[in-house]
Amino acid sequence: MRALLDHAGVAPTSHFTMLPHGRIHHLELPELPGAAAHPDAGDTPIVLLHGAGGGGANWYRMLGPLSESLGRRVLAPDLPGFGMSDPVTLESPLGTHTAGLLHEWLEALRIDRVILVGTSFGGLAALRFAEHYPARVERLVLLDTAGGGDEIPKVVRLAASLAIGPVLLLPSRRGTQWLLRRLMTHRRLPQAEEKRLIEYLYQSARRSGVRFMVRALRMFARGGRQAEQPNISDLVRMLTPTLIVWGRHDAFFPVQHATALRLRLPDARVVEIDAGHSPNWEDPAELARVMIEFFAEQLQKD
């Protein structure tokens, strides 16, 4: 984790919060001195939710730019069972269950309101959180998120099967590299950066364990399709201003899912980026620019 963060030149502090189901670990950059005078500043912290692999350090290229550009407190938790957070007994629907755990964590930290950013499965958890706790979300950013349609890659369908899943999900550096290059990104990352990221994702997968990952994946993918897709009736009352960002070369979830989500959300826009499933790794500068522009526009409206 630290090697990855050091590569990005960022040094967040590391914290553990004890909850009834176990510890939650998160990385944090504090509000910058003089943030009140910053043109895009505010007192609402930014919370970044990673996808189904790695942990809060997945945001290694975004933590610094968001903190420096917005002057806000930035927190990146390891979702339960990932990174250094303790595993939990999973419940279905998985996104809604994770949103409830996120609510417990924010309550423990005495954070009332957040700007919530989620990618992939973390995006589904963020969407469900905004749906169930709308007063607690000031802005929402969904990045190549789950829940926009039922398609999933063939390898994920195979991994969710009873017979093959435990074998495919057995952590290895070579398997992690294959996933990163074939499904998670469209362009190769610089060699030194890729090596650190692969090691972080691999070590997190080892800590999560095969049983946890198999159970989570089978809840997420049933019958070869995404099991949890919030529909219009779920989201029609969710008035949170929402930015949907998608890599137009996403090999994991097709870009059509972005349009489907926009049609379900009352106040949403879509921006495409020239990247794959993980623009936060491939083009963090462009992603930061798009997000900061969105936050600034919303502050002007307020």
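Ala, Val, Leu, Ile, Met, Phe, Trp, Tyr, Cys and Pro count as nonpolar, Asp, Glu, Lys and Arg as charged, and the others, Gly among them, as polar. With that in hand, welcome to this predicted model, where local features need pLDDT of at least 70, side-chain atom pairs count only at pLDDT 80 or more, and totals for chains, interfaces and linings use all residues. Residues are numbered from 1 along each chain as its sequence is written, and side-chain values use heavy atoms, leaving out hydrogens and water.

**The cavity**

- A cavity is a set of points, on a 1 Å grid over the protein atoms alone, where a 1.4 Å probe fits but cannot get out; its lining residues have an atom within 4 Å of a point.
- There is one cavity of 30 Å³ or more, and the largest cavity holds about 60 Å³ of space (the space filled by probe spheres set on the points, which are joined across faces, edges and corners).
- Its lining divides into seven nonpolar residues, one polar and one charged; among them are Ile24, Asp78, Thr98 and Trp105.
- Helix H3 (residues 94-109) gives the most to this lining, with four residues. Helices (H or I, at least four residues) and strands (E, at least two) are DSSP runs, numbered from the N terminus.

**The sheet**

- Eight strands form an open sheet with mixed pairing, in the order S1-S2-S4-S3-S5-S6-S9-S10; two strands pair if DSSP finds at least two bridges between them.
- Strand S1 (13-19) and strand S10 (268-273) stand at the edges with a single partner strand each, so one side of each has no neighbour in the sheet.
- From one strand to the next, the twist averages 20° (angles run from 0 to 180 degrees between N-to-C directions, with axes fitted to C-alpha atoms, for helices over the stretch in contact).
- H3 packs on the sheet, touching S1, S2, S3, S4 and S5, and its direction makes about 105° with that of S1; contact means heavy atoms within 4.5 Å.

**Aromatic pairs**

- Five aromatic pairs are counted: rings of Phe, Tyr and Trp (its six-membered ring) pair if their centres lie within 6.5 Å, with planes under 30 degrees apart stacked, over 60 edge-to-face and the rest tilted.
- The ring centres of Phe82 and Phe212 are 5.7 Å apart and their planes stand at 80°, so this pair is edge-to-face.
- Phe82 is in the loop between S4 and H3 and Phe212 in helix H9 (residues 210-220), 130 residues apart.

- Most residues other than glycine have a negative phi, and most peptide bonds are trans.
- The Ser92 to Pro93 peptide bond is cis, with omega near 0°.
- Arg110, in the loop between H3 and S5, has a positive phi of about 60° although it is not a glycine.

Note on methods: 1 Å grid on protein atoms, 1.4 Å probe; cavity = no way out; pocket = protein on both sides within 12 Å on 5 of 7 lines; lining within 4 Å.
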